[in-house]
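This report describes one protein chain, beginning with a single residue and widening to the chain as a whole. Please look through the sequence and the structure before reading on.

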Amino acid sequence: MDNKGLSMKGSLLLLLLLVSNLLLCKSVDSLPICAGGAVNCQVSLRDLFERAVILSHYIHNLSSEMFNEFDKRYAQGRGFITKTINSCHTSSLSTPEDKEQAQQIKVHPGVKENEVYSVWSGLPSLQMADEDTRLFAFYNLLHCLRRDSHKIDNYLKLLKCRIIYNNNC
């Protein structure tokens, strides 16, 4: 591998480290769920939803920021956006197309058994010698993270509306 390849590999590893750090540490203050660190406290469903919505929104904003920064620095002029259509490993998961469809779903708490989950298969692409292949793998990963975090953020807000406010939002 030449110096340019090593430099690029080092840059991508640094980017990955920074992304991980950003997700784990950026302006995050841990708040105890129970006041005073009590072990057996009761937290209302409304408070739990409120916290979940705030965190979900924060994660979506971070994933959008990471994608936009990566796009600006590494993907300009490479045509990656045209390759990402339906390329997320989560695209096969059945999700409502719009708010109206989402509102029609019946909410049944609990775990579904024998559920088939998609597995991300992009790791080998991140390890390829070809720079465009590696950059596209990162681009696609960040694109999918942004897409999925947006869906989760929206569905969580919709679920909060249905359960806490009886669809009166």
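## His-57

His-57 is partly exposed, because its relative accessibility is 35%; buried means under 20% relative accessible area, exposed over 50%, and partly exposed in between, with a 1.4 Å probe and protein chains only. This is a predicted model, in which local features need pLDDT of at least 70 and side-chain atom pairs count only at pLDDT 80 or more, while totals for chains, interfaces and linings use all residues. Residues are numbered from 1 along each chain as its sequence is written, and side-chain values use heavy atoms, with hydrogens and water left out.

The residue His-57 belongs to helix α2, which covers residues 45–75. Helices (H or I, at least four residues) and strands (E, at least two) are DSSP runs, numbered from the N terminus. Apart from neighbours within four places in sequence, His-57 is in contact with Asp-153 and Lys-157, where contact means heavy atoms within 4.5 Å.

## The annotated binding site

Which residues does UniProt give as "binding site"? The record, an unreviewed entry, places this feature at His-57 and Asp-153. They gather at one spot, because no two of their C-alpha atoms are more than 5.7 Å apart although they span 97 residues in sequence. UniProt positions are given in the numbering used here, feature names are shortened, and annotations may be inferred rather than shown by experiment.

Asp-153 sits in helix α6, residues 131–165. Is Asp-153 buried or exposed? With 2% relative accessibility, Asp-153 counts as buried. Neighbours within four places in sequence aside, Asp-153 is in contact with Val-53, Ser-56, His-57 and His-60.

## How α2 and α6 pack

Helices α2 and α6 pack at an angle of about 160 degrees, and their axes are 8 Å apart. Axes are lines fitted to C-alpha atoms, for helices over the stretch in contact, and angles run from 0 to 180 degrees between N-to-C directions. The angle therefore makes α2 roughly antiparallel to α6; angles under 35 degrees count as roughly parallel, over 145 as roughly antiparallel, 65 to 115 as roughly perpendicular and the rest as oblique.

By class, the contact of α2 with α6 has 21 nonpolar, nine polar and seven charged residues. Here Ala, Val, Leu, Ile, Met, Phe, Trp, Tyr, Cys and Pro count as nonpolar, Asp, Glu, Lys and Arg as charged, and the others, Gly among them, as polar.

## Other residues on these helices

Lys-160 is part of helix α6 and, at 11% relative accessibility, is buried. Beyond its neighbours within four places in sequence, Lys-160 is in contact with Phe-49, Glu-50, Val-53 and Tyr-165. Leu-45 is part of helix α2 and is partly exposed, with a relative accessible area of 45%. Leu-45 is in contact with Ile-163 and Ile-164, leaving aside neighbours within four places in sequence. The C-alpha atoms of Leu-45 and Lys-160 are separated by 9.2 Å, and the two residues are 115 residues apart along the chain.

Tyr-58 also lies in helix α2 and counts as partly exposed at 26% relative accessibility. Tyr-58 and Ser-149 are 91 residues apart in sequence, and 9.6 Å apart in space, C-alpha to C-alpha.

## The whole chain

The chain has six helices and zero strands, in the pattern α-α-α-α-α-α along the sequence. Of its 169 residues, 27% count as buried. Among contacts in the chain with a separation of 6 or more, 83% come from residues 24 or more positions apart.
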